[in-house]
Amino acid sequence: MDCLFCKIIAGEIPCTKVYEDDFVFAFKDISPIAPVHYLFIPKAHISGAAAVTEENAVIVGKIFTAIAKVAAREQLDSGFRVITNNGADAGQTVPHLHFHLLAGKEMGWSAESGV
């Protein structure tokens, strides 16, 4: 499979890992839009939010549990945002389900900036 995130999980492409367990891998985004910008991805390849099924939905809960652990560890007490995009029109550039954890600054709401 020629998936960028699958290659990162396999160690074929370097990254700055921030979390890993049996189901979830998280790393720093290479083009951050906030002081804290991590990507949380399932180790199993799921192409995006539209590909979440009854059979693989448990992984989404595991990802949010990992997000909560990292947010607590990094003391993101003043708040954080979690975003996922599905499809090209929504800004999904890698067809592997992923969640952006953004924190470290006060955020407004802007569909154009994503923050």
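This passage describes the salt bridges of a predicted model and the surroundings of one of its residues, N86. Because the model is predicted, local features are reported only at pLDDT of at least 70 and side-chain atom pairs only at pLDDT 80 or more, whereas totals for chains, interfaces and linings use all residues. Residues are numbered from 1 along each chain as its sequence is written, and side-chain values use heavy atoms, with hydrogens and water left out.

Side chains of opposite charge can pair when their charged atoms come close. The structure holds 4 salt bridges, a salt bridge being a side-chain nitrogen of Lys or Arg within 4 Å of a carboxyl oxygen of Asp or Glu. One of them joins E20 to K17, with the closest N and O atoms 2.8 Å apart, and another is formed between the side chains of K43 and E20, at 2.7 Å from N to O. The latter pair links distant parts of the chain, 23 residues apart, since E20 belongs to strand 1 (residues 17-20) and K43 to the loop between strand 3 (36-42) and helix 2 (58-73); helices (H or I, at least four residues) and strands (E, at least two) are DSSP runs, numbered from the N terminus. Together, K17, E20 and K43 are linked in a network of salt bridges.

N86 is located in the loop between strand 4 (80-83) and strand 5 (99-103), and counts as partly exposed because its relative accessibility is 35%. Although N86 and E74 are 12 residues apart in sequence, their C-alpha atoms are 27 Å apart in space. When neighbours within four places in sequence are left aside, N86 is in contact (heavy atoms within 4.5 Å) with G48, A49, A50 and Q92. The backbone nitrogen of A49 lies 2.9 Å from a polar atom of the N86 side chain, and the backbone nitrogen of A50 likewise lies 2.9 Å from a polar atom of that side chain.

Definitions and conventions:
Buried means under 20% relative accessible area, exposed over 50%, partly exposed in between (1.4 Å probe, protein chains only). A polar contact is a pair of N or O atoms within 3.5 Å; within protein, one must be able to donate a hydrogen and the other to accept it, and residues adjacent in sequence count only if both atoms are side-chain atoms.
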